Amino acid sequence: MPFAAGWMARPSRVQPSLPGDAWAALPAAPWSRRDSRSVRSTTIWFENPGPAPKSVKADTAPSLRLRLLFAAVVGLLAALAVLRGADVGRGFASDFDWVWFAARAILEGRDPYLLIGPGKEWESSIGFVYPLAAPLAVLPLGWFDVIMARVLFVAAPGALLAFRLTRHHFDTLTLFFSGAFVVSVYLVQWPPLVMCAAVFPIGGFLLVAKPNLGLVVLAGMDNWRSFAIAVSSAAIIVLVSFAILPTWLTEWRTALDTASHFKPYLAVPGGVLLLLAIFRWRRPDARMLMMLALVPQTPGVAMTLPLLL
């Protein structure tokens, strides 16, 4: 029966009943696309018999409720840490405190550069070493007392980062348990707030508030559209700064001359090794490492937080 033999030799169009693992082990059909997304979707399809999922991303990404819960937990723990630090170290003054004072001065129509420094209203061994964009960026916090302002300064960006960074997965969860994040929260440092500009480019004005750290975050942006939005936002707050206080740049540079503790990581023992990142300059983290090595700042673990993005 040659006809019957020929018909029996044809490959059947009906898929045999095989376990899910057996289907996953079969080679891909010759007409299937060989890109990673197709292969991943095919694997998931065969391992889960039944209707095809509408979106692989929808199946694997955390739910909105879970993200909101995680963001709330991060914000609450950050707030409690700040309140605990304020209770234990009653004489503690963070770097944010004089920015808060400067914000209050601006709301009162006064020049913060004339109020902060040796023998001035806000006693300090050095002048006000922040650009005017710093108090402008946190201007609403000037309406609160210093403790509540600290809480909002740390807890709000912490919660925003937690919500935004978990939109696809929880792989970045370790960032919130890192020493850099814990130190930033407990000492009320700028990194969590400045990092918001990396995930929300419209917040690029935050990069100017802490320009040495802002350059590190900006170097890590690999999307030109986000880069342009962040730079435009930063340019706007600089223009607003000149409109409010035309002399701020000169006064800021004079204040910087009173500070001698700023130095790049390049000057730290072993810091020259960071320059090896130049051989991988196409990678965002490598560019951030190079910028971290070159830009003068106060060396500390908190400043390395952007590298965990």
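User: Hi! Which residue forms a salt bridge with Arg283?

Analyst: Arg283 pairs with Asp285, and their closest N and O atoms are 2.7 Å apart. A salt bridge here is a side-chain nitrogen of Lys or Arg within 4 Å of a carboxyl oxygen of Asp or Glu. Bear in mind that this is a predicted model, where local features need pLDDT of at least 70, side-chain atom pairs count only at pLDDT 80 or more, and totals for chains, interfaces and linings use all residues. Residues are numbered from 1 along each chain as its sequence is written, and side-chain values use heavy atoms, with hydrogens and water left out.

User: Thanks! What is the relative accessible area of Arg283?

Analyst: Arg283 has 46%, so it is partly exposed; Asp285, at 28%, is also partly exposed. The classes are buried under 20% relative accessible area, exposed over 50%, and partly exposed in between (1.4 Å probe, protein chains only).

User: How many salt bridges are there in the whole structure?

Analyst: The search finds four. One of them joins Arg150 and Asp97, at 2.6 Å from N to O. Arg150 lies in helix H8 (residues 146-165) and Asp97 in helix H6 (residues 95-107), so this pair ties together parts 53 residues apart in sequence. Helices (H or I, at least four residues) and strands (E, at least two) are DSSP runs, numbered from the N terminus.

User: Are Arg150 and Asp97 buried or exposed?

Analyst: Both are buried.

User: Switching topic, what does Arg110 pair with?

Analyst: Arg110 forms a salt bridge with Glu121, with the closest N and O atoms 3.0 Å apart. Arg110 sits in the loop between H6 and strand S1 (116-117), and Glu121 in the loop between S1 and strand S2 (122-123).
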